[in-house]
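I opened my notebook to look up a few side-chain contacts, one entry at a time. Here is what I wrote down.

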Amino acid sequence: MNTSKQTGANLQDWRPEDEKFWNTTGKKIASRNLWISIPSLLCGFAVWVIWSMVTVQMLNAGYPFKPAELFTLAAIAGLTGATLRIPSSFFIRIAGGRNTIFFTTALLMIPALGIGMALQDKTTPLWVFQMLALLSGFGGGNFASSMSNISFFYPKRMQGLALGLNAGLGNAGVTTMQILVPLVMTFGLFGALGGDSTTLVQASGSLIGKAAAGSETWIQNAGYVWLLLLVPLAFAGWFGMNTIKSDDVTPNPGSFVGGASQILGMLAIGFLTSIIALYIILPAPIGLGAPSWVKWFVILGVIALTVFLMKLIPGDIKPNLQRQFKIFGNQHTWVMSVIYTMTFGSFIGFSAGFALAIKVIFGFSHVAGADGVMLHSAVNPNGPSALMYAWMGPFIGALIRPLGGWIADKVGGAKVTQAVSVVMIAASLGVAYYMKQAYQSATPEVFFVPFFVLFLVLFAASGIGNGSTFRTIAMVFPKEQAGPALGWTSAVAAYGAFVIPQVFGEQIKAATPENALYGFAVFYAVCLVLNWWFYLSPKAEFKNA
C-alpha cells in the first residue's frame, strides 16, 4: 500500500518504518507536520521568555516597579511553563497531534494580546503583569506535546534529526524574541491600532544601536508582534497538520471540542498547582512571602501535587500515567533529572534573567552614600545596552546544542558532561567575581567585557551539555522508558526558568548578586560528582554512557 488512509486529518495507516511507504507517502506528510511544528514551538519559547526583554524596557520607560519585582515576572512564567510540561506530555494521546498543536498555538495569542494591552498603560498594576506572566507559561508547556507529536511521525533512524530540528529551532525562539522585540519597540509597527508611544526615561537599545533617554518607544509591540505569526500558524496547524490515529499514538482523537476541553482541564491542574506554589513564594501583598529557602521544597511539592492530581483524572490518562510511573523506580531518572537541570535548566534560566541582570548591574552606578551604605539608583550613562547584548548568549547556547550530541556520539556522553561541568563551575566563579566588582563600582562598565565573555562561555557549555545528556539518557534507559524519562527530566530542568531569575532577584535585593553565581557553581560541582560516580567511576553501571 503506497498511500495513507485518511479520515479528514486523521492518518489511519501510518508505517514510517516501512521504507517503501516512507519514501512514497510518509516522508512528505512528516516533513509538512515538522515544518509547521517548528515555528509554532519557536513562538511558544518566545512568549514564554518574553519577560526577559519586556522587564528591561519597563525599567527604561519608567514603569513604577522595583527591579526585584520585575524579576518575579520571569520567575512566574518560568515556574508555570515548567509545570505545564507535565500534563502536556499526554496531550497527543488524548487529543491528537493536529488538535493539540492548533489549540496550544492559538492559546499563545491570549498572553501576547494581553501583554500588548497592559503595556500601553504605566498605571497597570503589578498583579496584572503577574497574571500575564502566568499565562505565558503556555509557551513553556508546549515543548512536551510538540516533541511527543513529532517523534511519532518519523522512523527511529531519523528521529534524532527530526527531534533535534524541532527542539533546536524551537529553542531559537529565545534568540528570535530577544532580537525581534527590541527592534519592533523602536517604531509604530501597527500605526494607530497599536496605541501611542511611551517616552524613555533611560537610554535603551536594540541590535542596531542605542536610543537615548527622551526617545519614543512602542513597548506594547513586544506583545502584539507575535499575533502576526501566531494567527497564520494556527491556521497552518489546523489545515496542514495531521493526527496519527492508532492504538500506540492516539486511539480516539474525537472531536476538536472534546480534545480542547480535555487539554484545558489538564492545563488547569498545572495552573492550579503553579498558583499555589507562587502564592507561597511571592512577597506580600500578592503572596505569603515565605523565606527564600522554602522555594526548593515548593518546587518538589508542585511536581508531586501535579502528578497526584493527574492520577485522579478518569479515562485515557490512567494507562499513560501507569507506564510513565515506571521510570520512578529507576535511579537514573533522578540522577539525570539533576544533571539535565545543570544544562537545560541553566540555559533557559540564564536566558530569562540575563538581560535584566545586565541592566541592573551595569546600567546603574554603584556609589556609597553619606552613611556608607551602597546606593544603586543612579543611572550609568556609559552602561551597555542590555537589549543589544542579551540575545547573544541564548543564540550561542541553541546553535551549539547539536555539537554536544555529535561529540558525545564520538567520545561518550558522560565524558562530555564531565568537561562541561568543570567549565561551568569555572565560568560561574569568574562571572561572580566580575559581578561583585561591578556592583561595587561607580563605573561598572569597565568590568562588562570579562563578565559578558564568561557568561557566553556558560551559555555555550550549557548548550553542549544539552546534547551530551540526551545521549546519556538514550543509553542508560531501556527503550520503553527513554521517552518518558526524557519528558520528565525536561520538565524538572525547565524549573531553571523559575529558580534562576528568582535567585537573581533575591540576591540583587540583598545587594549581593554574586552569591547567585556562587550558588550555581556549588550545584554544578554536585552534578560533576554525580556524573562521575554513576557514569565514569570504576563502579559505574553504565560506563561513559
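**Entry 1: aromatic rings.** I began with the rule for ring pairs: rings of Phe, Tyr and Trp (its six-membered ring) pair if their centres lie within 6.5 Å. Planes under 30 degrees apart count as stacked, those over 60 as edge-to-face, and the rest as tilted. I also noted that this is a predicted model. With that rule in hand, I got a count of 40 aromatic pairs.

I then picked out F138 and F271. Their ring centres are 5.3 Å apart and their planes stand at 90 degrees, so I filed the pair as edge-to-face. Where do F138 and F271 lie? I found F138 in helix α7 (residues 126–153) and F271 in helix α11 (residues 256–281), so this pair ties together parts that are 133 residues apart in sequence. Are F138 and F271 buried or exposed? Both are buried.

My next pair was F235 and F239. Here the centres are 6.4 Å apart and the planes are at 0 degrees, so the pair is stacked. Both residues belong to helix α10 (residues 227–240), where they are four residues apart, about one turn of the helix.

**Entry 2: charges over rings.** I looked for charged ends sitting over rings and wrote down two cases. The charged end of R98 sits over the ring of W238, 3.6 Å from the centre of that ring. For K359, the charged end sits over the ring of F364, at 5.8 Å from the ring centre.

**Entry 3: salt bridges.** A reminder to myself: side chains of opposite charge can pair when their charged atoms come close. How many salt bridges does the structure hold? I found two.

R15 forms a salt bridge with D13, and the closest N and O atoms are 2.8 Å apart. R15 also meets D18 in a salt bridge, at 2.7 Å from N to O. Salt bridges that share partners join D13, R15 and D18 into one network.

I compared the accessibility values with the cut-off for buried, which is under 20%. D13 has a relative accessible area of 13%, so D13 is buried. R15 has 26%, so R15 is partly exposed. D18 has 32% and also counts as partly exposed.

**Entry 4: cysteines.** A disulfide is a covalent bond between the sulfur atoms of two cysteines. How many disulfides does the structure hold? My answer was zero.

**Entry 5: a nonpolar patch.** Which residues make the nonpolar surface patch of about 530 Å²? I listed L183, F187, L189, I208, L228 and L229. I followed up on F187, which is found in the loop between α8 (156–184) and β3 (198–199). F187 has a relative accessible area of 38%, so F187 is partly exposed.

**Entry 6: one glutamine.** My last stop was Q502, placed in helix α21 (residues 496–509). Q502 is buried, with a relative accessible area of 8%. I also checked Q502 against G353: the two are 149 residues apart along the chain, and their C-alpha atoms are separated by 8.7 Å.

Conventions
Residues numbered from 1 in each chain as written. Predicted model: local features only at pLDDT ≥ 70, side-chain atom pairs only at ≥ 80, totals over all residues. Heavy atoms only, no water. Patch = residues over 30% accessible without salt bridge, like charges linked within 9 Å, V, L, I, M, F, W, Y side chains within 5 Å. Areas by Shrake-Rupley, 256 points an atom, 1.4 Å probe, with all protein chains shown as cover. Salt bridge = Lys/Arg side-chain N within 4 Å of Asp/Glu carboxyl O. Helix = DSSP H or I, 4+ residues; strand = E, 2+ residues; numbered from the N terminus. Buried < 20%, exposed > 50% of the residue type's maximum accessible area, 1.4 Å probe, protein only. Disulfide = S-S within 2.5 Å. Lys NZ or Arg CZ within 6 Å of the ring centre and 35° of its normal.
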